[in-house]
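Dear colleague,

I am passing on the structure below, together with some notes on what was found in it. Please read the notes with the structure open beside them.

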Amino acid sequence: MSRNESIIRVEHLTASYDDTVILEDISFEVRQGEVFAILGGSGCGKSTLLRHMIGLREPDQGHVWIDGEDMIGADEPQKTRILGKIGVTFQGGALFGSMTLLENVRLPLEEYTALPKAAMDLVALMKLELVGLREAHHRMPSELSGGMQKRAAIARAMVLDPAILFLDEPSAGLDPITSAELDRLMLQLARQLSVTFVIVTHELPSVYAVADRVILLDKERRGIAATGAPAQLRDDKTNRAAWQFFHRQIGDQSMHIKEGRIGNGKPSFRTK
Amino acid sequence: MEALEKQDTATLSVQSQDGERLLLTLTGPLDFHNSARLWDKAIGALSHHSFGQIVIDAEKIRSCDGGGLALLFEIQLWAREHGKSMELHGLKKEYADLLKNFTPEAFLAHRTARHKSIPFPEEIGRATVEFWQDFQEQVGFIGQAFVALVTSILRPWRIRWKDVFWVAEHAGANAVGIVILLGFLFGLIITFSSALPLRQFGVEVYVSDLAALALVRVLGPFITAIILAGRSGSAFAAEIGTMKINNEIDALETMGLDPVRFLVVPRLLATTVVTPLLAILANLAGIIGSAVVMLSLGFTLRTFITHVESAISPPDVYSGLVKCFVFGLLVSGVGCLRGLQTETGASAVGISTTRAVVSGIVLVVVAEGVFAVLYHFLEI
């Protein structure tokens, strides 16, 4: 599969919680080997979209094609095969607290390969080396910082060499240096292993550093407000939602700044 | 040439060249499946030949994943460990670049380090220190809780009465059903079990005396305390343990609020008050259960009541209820303590809950024994 071919295709996806529609009829593609970011403010449905893409939730309508196979409505064997192609890390890392880092990373190998135990240890240690945690392999997750936990979670997610890695808020709660290290790691893995990354984030520095393309979700539209390269969206003055998001503007600030007010036209507090 | 594997997928052939060089030729896709198949054979071949240099011909490796890279790296590690030189030819650039991320020295150091285990005497020493520290914590907690309780009673306006009533409802009112059910069943069982042997001697009428006395003095308070340990002691440990994991205890401390006064005192107060009330219900239910059996054995209700009245004196009832205060304190205190001792991690709350129930039951049994001896000497 070449870099320009799509490895993920989301088609006309509609998702809701009870009676509240979160996402309505959204479609996009992710290309092989790219770092693709799903952006948007809090509550716009980023994590909901991710959960549908990794098969944790069934949408009301639509399809999610992963490497040519439809995740929605797939039977168990098919779903297992699709899940074998993806790795996921969650916001908090989701490492198993009762296992050491090595045991956490080794777990998928124990379940899905017939490697001898020493070989599993070596593979797990090599993955931990890639994320800079080989020397901490014997530690429990509770003994690690947030950044280390996220790196360990990435090691676990990629231990079976999946074609696609989904990362939910990888930079959330990390200091800028650790966040930059994580960005460097993602780029290295994307380039060296040709892994396709789908990251859910609202951290702009991280987006500029790693993302090849992004989609921006908008809460009011319940869908995609903009698609493209991050720099392209940042400079696009015609797209108001993208402009506000990338320039960190609040509501209709650009409209009301001349009147000395910010917010949705309602008098709130005066600027100097 | 000695072919170890000849399949359509990945193969490994081993060729010894003049006892100087060992040529390993790998072909096909070297993925997890094939690496698992070839692993032992490849490493075994290294041990079974004598040579000075390993040469790996990797030109025909079509693709390579983490498993394949690990196999190549393992051969590299083996060579380094056994003082042999190694050459790797023809591996595709992307895989060779990946392999460069790993330095054999660091991994070999890990291998020598991981075999170190804790000696048995050291394990005993660690366990002893942990036991001593736990004992110290318990003594410290008893003191802290006692001071907080006395201070709160002296200044009742500082007690969080809303929490006290909430705990009283959950630990007390909500437990009424199960306490009555178990009390009734216990009364039923002990009366029935005792009546059959005593019937042989024609004194089964005294079973009602025996059952009533056993229920009021021992079984009623005991059943209540065990239910309390299972329902409320575990709940206290889980609630406070979860609060500790979520840093809520730290938040209380940073606000200058004493977690013991804030969380433990309401639970101690509420449980101490509701335990005797629950025990009274357990006693009554047990006596009703006993009456049901006696009526079914052909005795009249009047006979049963007369025997129960003559068997139980007020000191019997009071002695049972006094125990309930202590049981309530012990069960809720140890539940709160285990909650406060919760460590980090997903299993920590579960461990605390288990420890709360086990410690609660052990303490109740020990206290029951102490009361039995004490009442004997006090002739109660």
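In which strand of chain B is Thr11(B) found? Thr11(B) lies in strand β2 of chain B, residues 11-17 (strands are DSSP runs of E of at least two residues, helices runs of H or I of at least four, both numbered from the N terminus).

This is a predicted model, in which local features need pLDDT of at least 70 and side-chain atom pairs count only at pLDDT 80 or more, while totals for chains, interfaces and linings use all residues. Residues are numbered from 1 along each chain as its sequence is written, chains are lettered from A in the order in which they are written, and side-chain values use heavy atoms, with hydrogens and water left out.

Thr11(B) counts as buried because its relative accessibility is 15%, buried meaning under 20% relative accessible area with a 1.4 Å probe, protein chains only. Its side chain makes a polar contact with the side chain of Thr27(B) at 2.3 Å (a pair of N or O atoms within 3.5 Å, one able to donate a hydrogen and the other to accept it, where residues adjacent in sequence count only if both atoms are side-chain atoms).

Turning to the interface, 24 residues of chain B are in contact with 24 residues of chain A, contact meaning heavy atoms within 4.5 Å. Between chain B and chain A there are two residue pairs in polar contact, both at pLDDT 80 or more. Among the elements giving two or more residues to the side of chain B that touches chain A are α1 (32-48) and α2 (66-81), and α2(B) gives the most, with seven residues.

Best regards

Key
Buried means under 20% relative accessible area, exposed over 50%, partly exposed in between (1.4 Å probe, protein chains only).
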